[in-house]
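Subject: Structure handover and findings

Hello,

The structure is below, ready for you to open. My notes on it follow.

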Amino acid sequence: MRKASLYICILFSISLLFSCTTNQQIDLIVYNAKVYTVDSSFRTVEAIAINNGVFIDRGNSQDLLNKYDAKEKIDAAGKFVYPGFYDSHGHFFLLADAMDEVNLLGTASYDELLSRLQTYITANPDKKWIIGNGWDQNLWPDKQFPTKDSLDKYFPDIPIFLSRIDYHAALVNSKALAAASIDSVFMVEGGLISSNAEGELDGILLDNAMKLVSEHIPVQNNEVLVKMLKRTQDSLFSVGLTSIVDAGLTEQQIDVLKVFYNADSLQIRNYAMVAANPKSVKNYLRSGTFESERLTVRSFKLMADGALGSRGACLLHPYHDSPTNGFLLQSPEEFDDLIKQLAKSNFQVNTHAIGDSANRLILDTYGKYLKDSKDRRWRIEHAQIIAPGDFKKFKEFSIIPSVQPTHATSDMYWAEDRLGHDRMKGAYAYRDLLEQYGLLALGSDFPVEHYNPLYGFHAAVARVDKNNFPKGGFQFENAITREQALRGMTIWAAYACFQEKKRGSIEKGKDADFIILDEDIMQAAPEKLRDIKTLQTFVAGESVFRRNR
């Protein structure tokens, strides 16, 4: 009897020992790291624990290793972990297209543009249309818009459509104009068909006039398109992006995305804005918002004006270097009608506004319908030039500024030519905007700018270009701090999309979207920021990119 009791006691002790030392089974621990949680206290920790696609713990490396039994353990070797970067304003489909088109970025003259075209056509003899993007006449010696004469001379037999760097102007040849049955100048609301001194078409189309030709360009079938988007997604993952805002898609593009995401063909998280027009507003107000694990459709994108570089931005007073004020892309009455309809819905309203006149119109129209509701999180996309008396309206109406820091350092060479000295004080004024609303949503506007978020981080905190010009920074009084910039591309970006409770920081219960960088962006010298590499990217705890070391 005594032996039996002893035996039972031993078994009980053994079972008690195992019950006390058996750890919780989880998917992943990343340890021996410096983890920027980007929570409210901006806390750093050594390790994170992930299970079923969400963060379940964070803290000391040894504590987490003792507490959990992980299927996978990653020794970060002292490297730096951040929440997955969130681009608040980009163009997924445009970037996918741009990777297949003639790259005209950085062309220093029209002759160089023609040379790149010839090289591309020689390498792609079966193309039915030649599409290109990225030219900027401000980089050319005469700074004048090109004309179609040389295109017609060297490439008379194939239609050509070449988007300016901002996608608010295009150069086309006669073959492309013929495809759209355009043989003379006529009025286009919110756009311009340009002509020479003799009144003849010169091949330049601005804003809404571009659609007259672009709608004739053949579209890719879904099989080709998904391959293009996956390739683009891989490029975004390689620079640490785990979430993007797709700023203005057609209903057809959104339907295609739903198919791709439903089939698990895409992994990047996408907050897709519907391109607003009377038909799309009517259709989506009837069908309502849409949200899946990785695709969200709950906002509309309106276009107030064009771009500063092509003089399509709508200004309160004429351009400093031209007698025009630019133009709106719709009438004030049309904007008012769309915004009034959307104010009665659950949809967010986000409007592209560059010029001070366009910004004033949209701010005032927003304010008209936001008086009784302060948490609609409506946004101004770009908020590029603001009149002095209009900054306060961002705070007064609770409007989020969604800005792209690299626009400042790309435009700084010629922006004062367009605006003059006095108006420059309200241009690219990111700190002034931040002080009004209390946060900024940061993005790149890819492919207008490069999609690497560290380029934007560098521009935001140092206000210099890739060559660290100018010394002392461009309008450095509007630089923001590194903490503010990191928040702007993580938790603040998530907030601007109503997702701050799901992602944007490393906290218990949030989606395990995070990245490992080879250097610390919070400490590295400014001139080194653009060269910092993403070593690994995770979405929902799954590795979607790993750099070969």
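Start at one residue pair: Asn133 sits opposite Ser163 of β11. Strands here are DSSP runs of E with at least two residues, helices are runs of H or I with at least four, and both are numbered from the N terminus. Two strands count as paired if DSSP finds at least two bridges between them.

Before the rest, the ground rules. This is a predicted model, where local features need pLDDT of at least 70, side-chain atom pairs count only at pLDDT 80 or more, and totals for chains, interfaces and linings use all residues. Residues are numbered from 1 along each chain as its sequence is written, and side-chain values use heavy atoms, with hydrogens and water left out.

**The sheet with β10 and β11**

β10 (residues 130-135) and β11 (residues 160-164) run parallel and are joined by five bridges. They belong to an open sheet of six strands, ordered β9-β10-β11-β12-β14-β13, with mixed pairing. β9 (102-103) and β13 (191-195) are the edges; each has a single partner strand, so one side of each lacks a neighbour in the sheet.

Tyr167 lies in the loop between β11 and β12. Its phi is positive, near 60°, and Tyr167 is not a glycine. Tyr167 is buried, at 16% relative accessible area. The cut-offs: buried is under 20% relative accessible area, exposed is over 50%, and partly exposed is in between (1.4 Å probe, protein chains only).

α4 covers residues 110-123. Its 14 residues should span 20 Å at 1.5 Å a residue, and the end C-alpha atoms are 20 Å apart, which agrees. The expected span is 1.5 Å times one less than the number of residues.

Which residues of α4 are buried? They are Tyr110, Leu113, Leu114, Leu117, Tyr120 and Ile121. Seen down the axis of α4, the buried residues fall within an arc of 125°, so they line one face of the helix. That arc is taken from the directions from the helix axis to the C-beta atoms. An α-helix has 3.6 residues a turn, so residues three or four places apart point the same way.

The buried residues of α4 pack against β9, β10, α5 (149-154), β11 and β12 (169-172). Contact means heavy atoms within 4.5 Å. On the face turned away from the buried side, Asp111, Thr119, Thr122 and Ala123 are exposed.

**The other six-stranded sheet**

Another open sheet has six strands in the order β3-β2-β7-β23-β24-β25, again with mixed pairing.

β23 (residues 514-517) pairs with β24 (residues 534-539) in the antiparallel sense over four bridges. Phe514 has Phe538 of β24 as its bridge partner. β7 (residues 80-83) also pairs with β23 in the antiparallel sense, over four bridges. There, Val81 is partnered by Ile516.

Is β23 buried or exposed on its two faces? Both are covered: Phe514 and Ile516 on one side, and Ile515 and Leu517 on the other, are all buried. In a regular strand the side chains alternate between the two faces of the sheet.

**A helix pair**

α10 (residues 278-287) and α11 (residues 332-343) pack at about 10°, with axes 11 Å apart. Axes are lines fitted to C-alpha atoms, for helices over the stretch in contact, and angles run from 0 to 180 degrees between N-to-C directions. α10 and α11 are therefore roughly parallel, a label for angles under 35 degrees. Pro278, Val281 and Leu285 of α10 meet Leu338, Gln341 and Leu342 of α11.

**Loops to look at**

- Thr490 lies in the loop between α18 (482-488) and α19 (491-495). Thr490 counts as buried, at 0% relative accessibility. Not counting residues up to four places away in sequence, Thr490 touches Val38, Pro83, Gly84, Phe85, Tyr86 and Gly504.
- Phe446 and Pro447 are joined by a cis peptide bond, with omega about 5°. Pro447 is in the loop between β22 (441-442) and α17 (453-462).
- Phe469 and Pro470 are joined by a cis peptide bond, with omega about 0°. Pro470 is in the loop between α17 and α18.
- Asn32 has a positive phi of about 55° and is not a glycine. Asn32 sits in the loop between β1 (24-31) and β2 (34-36), and is partly exposed at 36% relative accessible area.

Best regards

Conventions. Angles under 35 degrees count as roughly parallel, over 145 as roughly antiparallel, 65 to 115 as roughly perpendicular and the rest as oblique.
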